[in-house]
Each structure stands twice: as C-alpha cells, then as structure tokens.
Amino acid sequence: MKQKILTKEIYLQATLDSFTKLDPRTLIKNPVIFITGIGALITTVLLFTGSFSWFNSQIAIWLWFTVLFANFSEAIAEGKGKAQADSLRKSRTQTLARLYKNKVESQVNATELRKGDLVICETNDIIPADGEIVEGLASVDESAITGESAPVVRESGGDRSAVTGGTRVLSDRIIIKITMDPGEGFLDRMIALVEGASRQKTPNEIALSLLLSALTLIFLVAVVTLKFFADYAGVASGSSLSAIVTVPVLVSLLVCLIPTTIGGLLSAIGISGMDRLIQKNVIALSGRAVEAAGDIDILMLDKTGTITYGNRMATELIAAPNIGEKELYKMAHLASLSDETPEGRSIVELARSKYSELEKEDATGLEFVPFTAQTRMSGVNVNGAQVRKGAGDAIEKFVVSQKGVMPVEVTRAAETIARSGGTPLVVCKDEIVYGVIYLKDVVKSGIKERFSELRRMGIKTIMITGDNPLTAASIAAEAGVDDFMAQATPEMKLKRIKDEQEKGHLVAMTGDGTNDAPALAQADVGVAMNTGTQAAREAGNMIDLDSNPTKLIEIVETGKQILMTRGSLTTFSIANDVAKYFAIIPALFATLYAVKGGAGPLSVLNIMRLGSPQSAILSAVIFNALVIVALIPLALKGVAYKAIGAKALLQRNIFIYGVGGLVCPFIGIKLIDVIINLL
Amino acid sequence: MNGFDVIQILFVFFVLILLSPILGAFFNKSLNGKATLFSSIARPFEKLVYRASGIDENEEMNWKQYLKAVLSFNGVGFLFVFFVLLFQKSFPLNPAGLPNLSWHLAFNTAVSFMTNTNWQSYAGESTMSHFSQMVALAGQNFFSAATGIGVLLVLIRAFKNNQSQKLGNFWVDLNRSVVYILLPLSLVWAILLSSQGVLQNLSGPVTVKTLEGKEQIISQGPVASQMAIKQLGTNGGGFFNTNSAHPYENPTPLSNFLELLALLLIPAALTLTFGYMLNKPKEGWILFSAMMIILVLGLSASLWSEYHANSLTANLIPMEGKEVRFGVTNSILWSTFTTAASNGSVNAMHSSLTPIAGGIALLNILFGEIIFGGVGSGLYGMLLYVVLTVFIAGLMVGRTPEYLGKKIEAFDIKMAIIGILTPSFVILFATTYSLVTPSIMSSLMHKGPHGFSEIFYAFSSAAGNNGSAFAGLNANTPILNSLLGVAMAIGRFGVILPVMALAGNISKKKIMPESVGTFKTDNFLFVFLLIAVILIVGALTFFPALSLGPIIEQIMFIQGKTF
C-alpha cells in the first residue's frame, strides 16, 4: 500500500475525468464551480449569438479552464485512490474455498460463502473471506493489505484469531469460521473507501460548503444588481458603459469574486486526506472519524506493548553488605544462565554488558533448577553449590534453611524497588545473600518525546494498565503520560471514556482485544489494531494495518492537516478578492465621467496600472483559473502541521495564506497583464 | 482642525472608555437579578410588574418560547403605534390639532419604531401630537431597545449554558432592561439635558415676530424626556425634523457632548457585560477593541476628508448642511457615532458631508450596525461575525472551530450567514428595484452618484435599522414608505430569527475544555482577524456599489467636481 507516486496514467485519467465531470449532475454538488460552469456556458452561448470577439472568447475559454481545473483537482485526488483500489482488487480474484460442512470437505466459489460457514485453509491457500480461526495455527502473509512482507502468526482463541479474506496461508492448516457475507468483507470495504465510492461529506466540509455557497449567492446578487447600478450611473453621467459592462465581463467579475479557489479544491482536500492516511497504513472507515481525530484532546493508551516493551527487564543490581559489585553480577549471571525467560535473559545481557569476560561462560555443567510456584525461585546447582534467585521472602526462607541470615539492607532495598513499581529478585549462593536485582517494565525509547509532542498539540495522554497503582504511577512518571488508570478493567475503560466525553473531551483510544471493543466503539476515534480480534476491528472506526499504537499521533496530524488546509485555502481565496476588485472595478468604470478621452475618476483605483480594461479583466480571470492549478499540490499534500501550539500555528498560517493571499494576486495579475499586453 | 478639536475628540472617547466597564458590570448584575446599590430602589418596581402581570420570574424559556414572546410583544407594539397614529386626532394632548396620519406613513413609522430604526418619513413637529410622541413613539423607544437586550441575553446565555435549553425569560429581561437600565439612565439624561435648556413642556406651538418682522411658528413639547431615550436607546427619532441640530433638542456644547456620549454608551457597556456574564471579561474587551478600532478608523478617514479642503470649497472646510454651533469636528463625531451605533439621530445633514465622510457613515451601516451598533442588536450582530471569523480562522489551527468552548458547526454557520447577509440582500434588491421604478426615482433630489447614494443610503439605513437619512430623498410616498417599512422589518427580524435559532443550537452543546490546541479568542490576533473578516465579508459585497457612489464622488471632489 505504501509507495504509489503519481504516474502518467493517473494524470491521463484525471484529465479525461475533468471533462466527464462537466456533467451538470456532478457539477451541482459543488455550487461554486457549478455557478462558474453556468457563467462559462452563458459566455459561450453569447459568443455564437452575436457578441463574438477575441476578448469574449478568451473569457469563455478561461472560464471553462477554471471549471476544468477544479474538476482536475478532484479527479487527481480520486485517481490516486483508484490506483490503490486496483492493486487491492487484484488480490480479490476469484478464489475457490474448501467448505467444511458436516465433516465433509467440498469445493465452492468464495462468493458463495455465507456467515457462519466453516472453511479449511492449508499452505498456499488464499483465505476466501474474513473470518475467525476456530482450530489450528498458521503463519499468514498479509502483504496484500498491509504491504508488509513478514508473515504474521494467527491462531485460534485469544486476540489473534482474526483473518482477512485475500491474505495467504504460508504454513500449517486452519479451520476458519466465516464472519462476513460476500461483498462486505474488509477488503471490499477498503476498496470502496480508497475509491471514494462511499465518500460522504464530513460535518466540517458541509459547514464550509454552506459558507462558500452563501458567499457565492451574495456575490451573485451583488454582480446582478451592479448591472442596474451601472446603467443608472451611465445615464446619470451621460457616458455609455455598454461597451465594457457586458454580460461576459460581469460573469468574469462574479467568477473572480466567488471563492473558486477553495470551492475548486475542497473535495480534493478531503479525498487526499483520507489517501494520506492510507499511505500511513491506516484505514479510516469514515471521513467523520478522520476529522474527529483532529479534535482529539485525550488519548487512552494501553501500557503493555505501547508504552513499555511488555517484559520486565533487569536494569540495576544492588549488592548486599560485604559483597563486591562484581561478585554480585557474576552470581546473578550464573543464576540466570540457564533461564530462558525474558527476565533471565535480560539479567544475562545486563551482566555481560558490564563485564564482558562473562560472555565466555556458558551453561555447560550446570544443573538447572526451574521456577516452580511452590519454591518461587529458580537457579542452578554447580559443583555442589546452590545458586538461587527469587522473590525476597522465598530466598529468605531458603537462606534461613541453610543457616544463613537475610541482611536487613537487602530486605530494605527490595522494599524500595517494590515501592517504585519494580520487581526485586534476591540472589543467593547457599546461605550467603549477594544482593538484589532490580527488574522493571522498560519504557520504549522515544515514547516520552512523543508524549510531549502530543502535549504540545493539546492532547492529554492516559495510560491504561492492569498493574497495581504503585507500579502504574512509576511507569507513568517515567513515560511522561499525564494520567494513568491502574488495575483497569474493560468496564472501567468504558466508564472513563464516557466520563471524559461528558466533560466535553474527545477521546481516542487504541485496542486489539475483544474486551476493548465496547471502549473502542464508545471512543470518538477508536483505532483497532489489524492484529486484533474481529470484534475489535468491527468496533473501531479506524484500523491500523501496522498495528502500531503510536500511529495515533499521525492520525491526529492528518485530521488536523485536513482542517488546516481547508481553513488556509479559504482564507487565501477570500483575501484574493481584494486585488481582483482593484483590477476589475476601475476597468469596468474607467470611462465613467471621463472627460473627452481622458481617464475617468475611478481609474485612480487602478493601482496596478494594468494595460487596458480588457487586459485587466482577462488577467484577473486567468489568475483566478491558474491559482487553482498552482494550489493542487498543496491541496493534495496538505498544509504542514507542526506541534507548536494553536497561537503560533495560527500566526504562521495567517501570515502565509492571509497576507500572502492579499499580496500574491496583485503580483500575479500584474504579471499576466504584462504578458497579455506583450502578445 | 485645531488643538481644541483634538481635545474634544479625546475627551469623548475617554469618558466612553471610562464609563463602559462601570456600566457593563452594573448591567451584568442588574440583568441577572443580583443586588446592587440601585436595586433597593428598583427592585420593588420590578416586583410590582411581576405581580401585576402574573409573571413567574424564575420560569425559564427555551429559544422557541422566547422568540414567540419577542414576536408577539413586538407585534402588539406595532399594532398599538399603528392605530394611535392612524387616529391621532381622537387622542388627547394634541394642542396643535395635527391630523391623522396616512396609512402608509403610519405603517412605516410603526415598523420603524418597533424595529429600533426610527426612520422618519415625516417632520416630527408638524406631524406628531404630544400623545403620539410620548406614548406611542417614546414607548417603543424603550421597548425596542429592551427587545434588543433580551435577544442579546439569550445569545450570551447560550454560550454560557452547558447542554441546557433554558435561555431566560423574555418578560423578566424586558422588565429588568427597562427598570434597571433604560429608565434610570434616561431620567439622568433628561434632567441633565433640561438643565442645558432642552425643552420639556406640553404646550402647543407659539407664533412669534422675528426681528425682520416676519412671523415664525415655534413648536414646543416634551423634548428632553424623549431626547434622552432617543440617544440612549439607539433610536434616533427626533422630536423635531432637524433632529439634534435643533436648538431645542441640542442647545449647548454640553448637551451636544451628553447626547454624543449617549449614542454609544449602552452598546459599548453591553459589550463588556458580555464578558462579565461569561466570567471572561477579556472576551468582552476584545470585542470592544475590535469595534473601537473600526470606529476610530472610520472617524479618522471622515475627518481627513472633511478637513482636506480644496479649491472646490474655496479652500475652506465645507460647512453647508452643518450646524455652525457644532462645527465640523462635532458633526463628524456625531455622524460616525450615530451610524456606528444604529441610532440615526443627526446634528448635521449627512447629505452634506464630504463624500468619504458620507461614505463612512454608509459603510458603518453596511457592516450591519455592529460597530457597537444598536442596543443589544449591535453585539448580537457582531457575535455573528465572530462565529464566522472563528470558523474560518479556527480551521487554520487544525481543529473543528470553537468559540467559548462551543463547537461551531454547519447549522451555526448557516444561521450566522443568514443573519449577516439578509440585510445585504434587502439593500441590494431594494436599491435596484428603486432605480428601475420611475415613481421612486422622482423622489430623488440629486442626480449622479450623489443621487445614487441617497437611495442606496435610504435602504441601507432601513435594513440596517439605523434610521438616519441622507436627506434629499422625499420618502413620504406610499411606495417608499411601504418598501422602507418592509426593509426595516426584514432588517430587524431577518437577524433576530437566525440569532435565536443559533442560540438554541449553541445552548444545547457541550462546553469543550480548553487546551493548548484550542483556538484562543482573547488576544489581539483575534481582534485583527475579526476586523479583517468584517471588512472583507461585510464591505466586499458593497464595494462595487460604493465605488459608484461615495468613492467616485470623493475622487471627483478631489478633482474639483460636486453634485
């Protein structure tokens, strides 16, 4: 799914599409461009009914270009999606399924499968439809949807039982219970989404369209009434304006004043926003969710796998009195050499990183004593000595049985570790206690920076964990989250989301388990991991194909970008009007009250010193059309979002798009005018 | 312009800025039923009204109920004035024996006073009996201003509410507005003005012999009491035809200062009441600043234009149509204030202002009467622009736009746009209709761009509920009276309706907590944005029309030609 740069075919297709989109039924969905189209049509009709002139035909041509450019921007945004949909569709070619019914296997077409059917898949079979594994375990190639070539393991029961139609089994044999009817599967929905077939206007898009339509309407009235005002002025001044205040010129004025820039680019902004999410391997099931992502101010994250690596690791060793540090490390290393648990391995790693000579040692000749629930310790027996590591009280019991004593300092150190959220492991050899190993849940590197970035965006993070409050607090402090929920149950998660929403917050959360489903559904933005269960994937309104919980940050950024791009281009579009007035109004009324061939009083307003009334009007129309094309890349890419706080962001965008929108058309129109007058 | 002019201007602004927060805080307490020093006097009167009318002051209305109350109250008010004027001869206090009004003038006047416009197609002293002035017109001067405050309160409560439908009680708001704000202030002003010699009696006109030996009829009446509310309630309907240029309405420099101050006092103070009510005083000052900046910009441009003498005026400042007692500075201060506030009273003829000064007066109206604007209506109109600004600019920070914690969504934008653009539609259509209707064009005194300005100004003034006239237009014809009457009604209720619907929708919403990602509206960047939106959205629509009126006229004025 990644990659996909604009290819020649997409451009070609988009060019064709810009013409097919001239269909009035399509055009009317965008009132601003529809009015422009009508203006172009009227101007063209007038060309053939008597008012043909080089000037009028130029106006007609550029008005059509304005409409076509707007169509093109939408077509190119859609084109990118279509190309992606095509590649997805390839993996949905007719597959045969091995239906398993009444313990008998039969070959059927994948399209005939219904919810509840059981199918068998073996090595190299394409999974025929979305479902859940009810028996077996298999490695599955999901590159068709994720673009990730590394196979993933799927197994019955638990949180990794969901499989997606169109993916391929690489090894082993599984029995799948189909959970989706044909045409409703994940892949189908994805294709529909990227193609924009099921695209609906988002709430903010509707609001903005309303504003643009209202502006179009008022300018329409302003221009129509201007005709009458001009007639009156003409009569009153005794100078005729009929040569310049013509229908094509008034249409030009109208098209220049209505917000064609944002009107033309509006749908491209929305489509390409969804598209950018897909590039990031996130499938948003609705545009509404993407927009809501921009508004998120609370983010709930699972601790395990998101904030921490999920394994407790040795980070520090504290020696008992009279024991050298090196001795302790050696002993801890020895006690863990045969221990294959992640904790054990982390102890070995820590010791070896400190004393590289330990790397030479291996487990030969050691008698491994595994951990049991009764002894609550593990270790080795070597040359008659018993080396053990385990929970403090278990080791104390062991040492006492060996006629030793547990030093008070060690007990105290263990308590300190426990209090700060870690797990203490005491190491001993026979009756001598060597010291304590500090095991802790390690926070992922870089996560703290991400959270502070979120804070700068105005998003509060809440860590959810099943740990006790003590452990949770210490990890929360280390990871830099704003708040945490300890000993959280699914009900508590759901309640917390509801409470926060009640206070007016918008909550996002990520989850993968079936018990996350209610919370995912309740959250304003629920991002389900693709590795998650079917229930979770159904409940969320986005699916992260990479199953990377920190992806939420990028989702939020994309949501914000869409809104920012809309706002910035609207500002730009409206600010543009000022310059267009200074181009067209003096041109329209230059001859009013003019004294014998001289310039009329209103030509004082021609501050750009445009060549002639005709060239001034034409320059404004051409500028208006070209600016749409010039801004297509920005619409597709989105205005850059930086987590610098709302105020700084606003100042930056106002300067670029507001002030820029005021100044840039003055320069642009003047340049075009110079060129026209040269030709 | 000399140093004395500058001191006068600065003094007016100084007093205005000084009194606004004091009154603003007082309004906040009074309108919300909290105790003040004054309430020991006013509270019994307030309660008396409740007891007499059987109103439960603790009962709250939703926006629809409130709107129904506003409309029925205004409807009754309209009918009352309409019938009093239609049959004024049958009522007492008519010492001059003035006749009944024509149906169209009665209609126009009734709409005019109900809508707080006070457009006058008639000359006060030769048309209205004392009864009509004191009971019908002065009554509406109070009630229309109080209605404005009520609608404003609903909108403020909507932003304050967290998911509630309770938006206050119209009758309580009406009562408190009159008892705590309009009546006492009018009383103070009436006393101060009559101390300056503003007339206050119930006598008929007297005929005197002038020095030339000719006869002159001098009208009299209860002027001071009506002057006070006319200025304070952004009404503007004068007792005399020449309004506050008349010596009985405005005799001394002090009375001129008092009336000038009264033009903007309540609207300016209400802007701060807004902040106090929300417990966010800064938000009030922000709107106050935005209004003040536009006001000062307009004033400066007008003064520049007036004092920019050229050969056309023999290098003198243009005094034709201005009252010599007040001079240019005070005339321009008045013309700017009276059009900024939707007052419409005048102390000089706007038709005689230089083109730009006249144009600024026109522009102030075209913005939608939101530069302080009418009592209540100025601020609720401004809040529509705020909603629009927040929507456009708020998007630029990458969040669904919000104002005071309330999300601004499609419905809110729809209502804001309807409220802002409805008067614009009326102005453009009505002007166009007039230009092609010979019976209306024959009412014009001037031709050329100035004639265009006259008719354009008339409809702007009506739809903007200002009420001032450019003069030169004889509006007392059946067609103009009807057309202007309809324009005033649409200009008033075409804004109130969407404002109320907006309030209903906003009130239901949750208040979003603030974060660093929130678009802040309590800083000067927002003031700048708000002004930009007002200038671009408000004025851009009219720029082509303005360029055919005041703009071309000013350029030609500079070049040495008038109309």
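In these legends, buried means under 20% relative accessible area, exposed means over 50%, and partly exposed lies in between, computed with a 1.4 Å probe on the protein chains only. This is a predicted model, in which local features need pLDDT of at least 70, side-chain atom pairs count only at pLDDT 80 or more, and totals for chains, interfaces and linings use all residues. Residues are numbered from 1 along each chain as its sequence is written, chains are lettered from A and ligands numbered from 1 in the order in which they are written, and side-chain values use heavy atoms, with hydrogens and water left out.

Figure 1. A:I447 counts as buried because its relative accessibility is 4%. Leaving aside residues up to four places away in sequence, A:I447 touches A:T306, A:I307, A:A479 and A:T550, where contact means heavy atoms within 4.5 Å. A:I437 stands 10 residues from A:I447 along the chain, and 25 Å separates their C-alpha atoms.

**Figure 2. Buried and exposed residues of helix 1 of chain A.** Helix 1 spans residues 8-20, 13 residues in total, and reaches 19 Å from its first C-alpha to its last, close to the 18 Å expected at 1.5 Å a residue. The expected span is 1.5 Å times one less than the number of residues. A:I10, A:A14, A:D17 and A:S18 are buried. Seen down the axis of helix 1 of chain A, these buried residues fall within an arc of 105°, so they line one face of the helix; the arc is that of the directions from the helix axis to the C-beta atoms. On the other side of the helix, A:K8, A:E9, A:L12, A:L16 and A:T20 are exposed.

**Figure 3. The largest pocket and its lining.** The space in this pocket amounts to about 740 Å³. Its lining consists of 28 residues, and the closest to the centre are B:I360, B:L363, B:F543, B:L546 and B:I551. Two or more lining residues each come from helix 20 (551-588) of chain A and from helix 9 (281-307), helix 11 (355-366), helix 17 (524-540) and helix 18 (543-558) of chain B. Helix 18 of chain B gives the most, with 7 residues. By class, the lining has 24 nonpolar, 4 polar and no charged residues. Ala, Val, Leu, Ile, Met, Phe, Trp, Tyr, Cys and Pro count as nonpolar, Asp, Glu, Lys and Arg as charged, and the others, Gly among them, as polar. On a 1 Å grid over the protein atoms alone, a pocket is an open set of points with protein on both sides within 12 Å along at least five of seven lines, a cavity is a set where a 1.4 Å probe fits but cannot get out, and lining residues have an atom within 4 Å of a point. Grid points are joined across faces, edges and corners, and a volume is the space filled by probe spheres set on the points.

**Figure 4. The largest cavity.** The structure holds 7 cavities of 30 Å³ or more, and about 310 Å³ of space lies in the largest. Of its 28 lining residues, B:G368, B:E369, B:G419, B:P423 and B:V495 lie nearest the centre. Helix 13 of chain B gives the most to this lining, with 6 residues. The lining comprises 15 nonpolar, 11 polar and 2 charged residues.

Note on methods:
Helices (H or I, at least four residues) and strands (E, at least two) are DSSP runs, numbered from the N terminus.
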